[in-house]
Amino acid sequence: MSSLAKIERDWLAAPEAAPRAVSLCCVCSELISEGESYWDTAAGDVCCDCLDGMTAAAFLEDVCCEKINIATKD
Ligand SMILES: [Zn+2]
């Protein structure tokens, strides 16, 4: 095969299939695609980008739906 024919064949080849979406991140609503890492939490699936950027307080509030408390004395 001539190099020109090879270039033409590669040029015309179908693009690689887009990764299949498996789930949605419940925080940012971005697709979680096949092969990606994610966290399966009580609130739903969370992508690693969201979790990596979260403080523990944000995680408790956004994912675990916990509310911060103010200490009071009865
Ligand atoms: Zn996310």
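Two residues are in contact if their C-beta atoms, placed from the backbone, lie within 7 Å.

**Figure 1. Overall form of the predicted chain**. Among contacts between residues at least 6 apart in sequence, 4% join residues at least 24 apart. The C-alpha trace spans about 85 × 20 × 15 Å along its principal axes. The radius of gyration, taken over C-alpha atoms, is 22 Å, whereas a compact globule of 74 residues would have one near 11 Å; that rule is 2.2 Å times the number of residues to the power 0.38. Residues are numbered from 1 along each chain as its sequence is written. In this predicted model, local features need pLDDT of at least 70 and side-chain atom pairs count only at pLDDT 80 or more, while totals for chains, interfaces and linings use all residues.

**Figure 2. Hairpin of strand 3 and strand 4**. The chain has three helices and four strands, which are DSSP runs numbered from the N terminus (helices: H or I, at least four residues; strands: E, at least two). Strand 3 (residues 38-41) and strand 4 (residues 44-47) run antiparallel and are joined by four bridges; strands pair if DSSP finds at least two bridges between them. Two residues lie between the strands of this hairpin, and Thr41 stands opposite Gly44.

**Figure 3. The largest nonpolar core**. Its five residues are Cys25, Val27, Ile32, Val46 and Cys47. Such a core is a set of buried Ala, Val, Leu, Ile, Met, Phe, Trp, Tyr and Cys residues joined through C-beta atoms within 7 Å. A residue is buried if 20 or more other C-beta atoms lie within 10 Å of its own; buried residues make up 7% of the chain.

Technical notes
A residue is buried if 20 or more other C-beta atoms lie within 10 Å of its own, exposed if 12 or fewer, and partly exposed in between; C-beta atoms are placed from the backbone.
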